[in-house]
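Here's a quick tour of one model, taken a piece at a time. Keep the viewer open as you read.

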Amino acid sequence: MNSQEIIENYPKYIMNTYGRQSLVLSHGKGTKVWDLEGNEYLDLFAGIAVNNIGHCHPKLVEAISKQSEKMIHCSNVYYTEEQLILAELLSKISPYNKVFYQNSGAEANEGAIKLARKYTKKSEIISAKESFHGRTIATVTATGQPKYSKDYKPLPKGFIHVKYGDSKAIEEAITDNTAAVLLEPIQGEGGVNVPPENYLKEVEAICKEKNVLLILDEVQTGFGRCGTMFASEIFEVTPDITTIAKGIAGGFPMGAILAKDDVASGFVPGDHGSTFGGNPLACVAAIASINAIIDENLIENSKTLGEYFKQKLLELKNQYEFIKDVRGCGLMIGMELSFNGADIVNKARERGFLINSTADTVLRFVPPLIITKKEIDTFISCLNQIFKEIN
Ligand SMILES: *Cc1c(COP(=O)(O)O)cnc(C)c1O
């Protein structure tokens with residue numbers, strides 16, 4: 001089949017839930033991907049901040065290949081060495097000693113909500129407007145954007161949304177029945193919204209004082225994305241629970257809940273489970289991916305090239321009045337326009353660059369962390385050209 005045939009036949013068999021771009025991708029290597037007709041693209045989207053170590057990293061390919069010959073799945077009725085090795089690695093790179101393995105970001109958040117309710121014996125979850133926490137019934141309810149939940153009523157009770165970046169609003173929303181505050185350290189899907197510098201520290205203090213758990217959803221911001229292993233490091237907070245997914249296993253589906261020992265003890269045998277969670281193939285993929293992030297200094301690259309990228313985008317902002325803002329940390333950068341970004345995304349793709357637009361007007365750049373200065377330069381000159389033409 002060629003690209004056109006595939007695109008035409010999709011609706012016959014596949015539910016029509018995504019606003020897909022007209023592009024059929026075939027394979028990838030490093031920062032590049034190719035379509036079926038062999039056209040090359042520089043990937044500044046990385047499968048929504050997932051391919052942090054680039055496409056088909058040799059160490060990741062080797063780990064998955066080897067494990068696939070050994071054992072692909074093993075239920076949680078038994079122990080595996082792979083789960084333990086990954087758990088030890090996660091405890092080395094984070095402040096936590098306890099993990100629960102899931103398969104996606106939504107599942108990790110769903111599990112974190114269960115853990116918070118079980119541990120505190122309270123029910124309310126406070127989250128932020130414009131947030132995104134996933135697509136299950138509970139996580140669309142936690143998500144502070146009504147468009148994701150309005151058609152799925154009745155929604156579970158106990159979810160409250162307050163303004164993002166305003167710690168007072170959280171303080172005022174806390175009641176005797178509040179189990180946890182659930183926040184993204186930087187909102188991704190909501191428009192790459194970076195909170196005021198002291199926000200999370202203030203929220204952490206409020207939560208401590210009021211005996212409420214703090215859950216950070218680092219599904220998008222984790223694994224070097226923001227120039228640190230986790231974005232909580234930027235804001236110098238240690239949440240009671242952190243949820244992770246996207247970049248954890250280099251593209252292999254996986255999610256996890258990390259929790260402080262005491263909070264983790266809220267779960268006892270029978271309380272929570274997953275058939276695939278901690279699957280050995282996912283575990284070796286995560287081990288290889290995290291080791292590549294460490295061994296290849298990708299956190300440093302995310303930080304320095306993120307700064308460089310942001311600087312170049314700010315230079316464009318000085319030239320074009322329709323650029324409202326440039327913001328982000330590391331290689332998670334947003335450029336807010338005064339109009340819908342979809343047209344720019346299409347124009348960039350036609351010239352061989354994959355980017356994304358979110359919250360209607362925000363161009364989101366989340367490239368693999370292995371991106372080079374030269375690649376950023378070629379993209380900036382393409383973006384400049386597009387802006388020149390529409391100006
Ligand atoms: C993508 C995302 C999720 C949902 O993850 P899935 O793997 O799609 O379920 C949750 N929270 C944040 C912050 C995300 O970016």
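## Around Ser232

Beyond its neighbours within four places in sequence, Ser232 is in contact with Leu216, Glu218, Val237 and Pro239, where contact means heavy atoms within 4.5 Å. Ser232 itself sits in the loop between β8 (213-217) and β9 (241-244); helices (H or I, at least four residues) and strands (E, at least two) are DSSP runs, numbered from the N terminus. Ser232 counts as buried because its relative accessibility is 8%. The scale here is buried under 20% relative accessible area, exposed over 50% and partly exposed in between (1.4 Å probe, protein chains only).

A word on ground rules: this is a predicted model, so local features need pLDDT of at least 70 and side-chain atom pairs count only at pLDDT 80 or more, while totals for chains, interfaces and linings use all residues. Residues are numbered from 1 along each chain as its sequence is written, and side-chain values use heavy atoms, with hydrogens and water left out.

## Two helices side by side

Next up, α11 (residues 298-319) and α13 (residues 373-390): their axes come within 11 Å and cross at roughly 20 degrees. Axes are lines fitted to C-alpha atoms, for helices over the stretch in contact, with angles running from 0 to 180 degrees between N-to-C directions. That crossing makes α11 roughly parallel to α13 (angles under 35 degrees count as roughly parallel, over 145 as roughly antiparallel, 65 to 115 as roughly perpendicular and the rest as oblique).

On the α11 side, the residues making the contact include Leu305, Tyr308, Phe309 and Leu313; from α13, Ile376, Phe379, Ile380 and Leu383 are among them. Sorted by class, this contact has 10 nonpolar, 2 polar and 3 charged residues. Ala, Val, Leu, Ile, Met, Phe, Trp, Tyr, Cys and Pro count as nonpolar, Asp, Glu, Lys and Arg as charged, and the others, Gly among them, as polar.

## Salt bridges

How many salt bridges are there? The count comes to 13, taking a side-chain nitrogen of Lys or Arg within 4 Å of a carboxyl oxygen of Asp or Glu. One of them pairs Lys98 with Asp261, with the closest N and O atoms 3.1 Å apart. Lys98 is in strand β4 (residues 98-102) and Asp261 in helix α9 (residues 261-264), 163 residues apart.

Arg351 and Glu389 also meet, at 2.9 Å from N to O. Arg351 lies in the loop between α12 (342-350) and β13 (353-354) and Glu389 in helix α13, so the pair ties together parts 38 residues apart in sequence. Lys32, Glu40 and Glu375, meanwhile, are linked in a salt-bridge network.
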